[in-house]
Amino acid sequence: MLCLTLPTDPRWADVALADLPALLTDHAHCEMKAASNALSLAARWPSLPRLARALVDLAEEELRHFRALLDVIEQRGLALGKPETDVYASELRKAATSTCARNAKAALIDRLLVGAIIEARSCERFRLLADGLAARDHELAPLYEELFASEARHYRTLVDLAVEVAGDEGAARSRLADLARAEGEIAGRLGTAPAVHG
């Protein structure tokens with residue numbers, strides 16, 4: 001799906017659905033981190049107003065998702081708690097940094113592409129969740145259908161922004177492919193857990 005080189009093991013959905021409280025709280029934290037990342041990039045690149053505006057729009061949507069998940073968490077009597085360390089995102093950023101040309105533009109392109117890959121993985125998993133929830137939790141199934149579509153849109157937005165910043169679609173897509181291969185290796189090592197990227 002999208003740029004992913006390794007599909008999620010279908011057993012992941014069973015693990016996630018067996019521990020919905022853990023999944024929901026992890027997912028809420030993921031939405032907040034995505035919003036924070038987009039705002040951080042927008043603040044660092046005010047010289048690129050189109051990029052900044054697109055990232056602010058993306059952050060606003062991620063915050064709406066965070067609020068929706070907070071509502072579900074509260075309705076179910078759960079506590080959000082503190083976020084766990086996101087090994088997946090950390091390793092993906094590390095893989096990008098270790099193979100990145102050392103200049104600000106290349107670093108920005110990588111941040112956008114890493115964000116796109118994270119959105120792609122979320123998109124794939126939200127499809128699995130929506131399908132699994134359709135038979136089990138009719139309240140959550142529509143939410144994950146909506147989130148599936150949003151993540152696909154975010155993926156496209158971030159890739160398009162990276163292409164625009166690069167000024168060379170071929171180079172940006174080649175870098176995306178390199179990072180997607182690294183992501184596949186990371187995802188393969190992490191196994192299955194009731195977490196969006198676990």
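Look at what covers the buried residues of H1: helices H2 and H5 are part of that cover. Keep in mind as you explore that this is a predicted model. Helix H1 spans residues 11-18, and its buried residues are Trp-12, Ala-13, Ala-16 and Leu-17. These four span an arc of only 125° around the axis, so they sit on the same side of H1. Now turn to the face pointing away from that buried side, and you'll find Arg-11 and Ala-18, which are exposed.

In soluble globular proteins, nonpolar side chains tend to be buried together. The largest nonpolar core here has 37 residues, and the members that touch the most others are Leu-55, Leu-112 and Ile-117. Six helices, H2 (20-44), H3 (49-75), H4 (87-98), H5 (104-134), H6 (141-166) and H7 (169-190), each supply at least two residues of this core. H5 gives the largest share, with 9 residues.

Finally, check out how H2 and H6 meet. Their axes come within 14 Å and cross at roughly 30°, and the crossing is left-handed. On the H2 side you'll see Leu-23, Leu-24, His-27 and Glu-31, which meet Tyr-144, Leu-147 and Glu-151 of H6. Sorted by class, this contact has 4 nonpolar, 1 polar and 2 charged residues.

Note on methods
Residues are numbered from 1 along each chain as its sequence is written. This is a predicted model: local features need pLDDT of at least 70, side-chain atom pairs count only at pLDDT 80 or more; totals for chains, interfaces and linings use all residues. Side-chain values use heavy atoms; hydrogens and water are left out. A nonpolar core is a set of buried Ala, Val, Leu, Ile, Met, Phe, Trp, Tyr and Cys residues joined through side-chain atoms within 4.5 Å. Buried means under 20% relative accessible area, exposed over 50%, partly exposed in between (1.4 Å probe, protein chains only). The arc is that of the directions from the helix axis to the C-beta atoms. Contact means heavy atoms within 4.5 Å. Axes are lines fitted to C-alpha atoms, for helices over the stretch in contact, and angles run from 0 to 180 degrees between N-to-C directions. A crossing is left-handed if the near helix is turned anticlockwise from the far one by less than a right angle, and right-handed if clockwise. Ala, Val, Leu, Ile, Met, Phe, Trp, Tyr, Cys and Pro count as nonpolar, Asp, Glu, Lys and Arg as charged, and the others, Gly among them, as polar.
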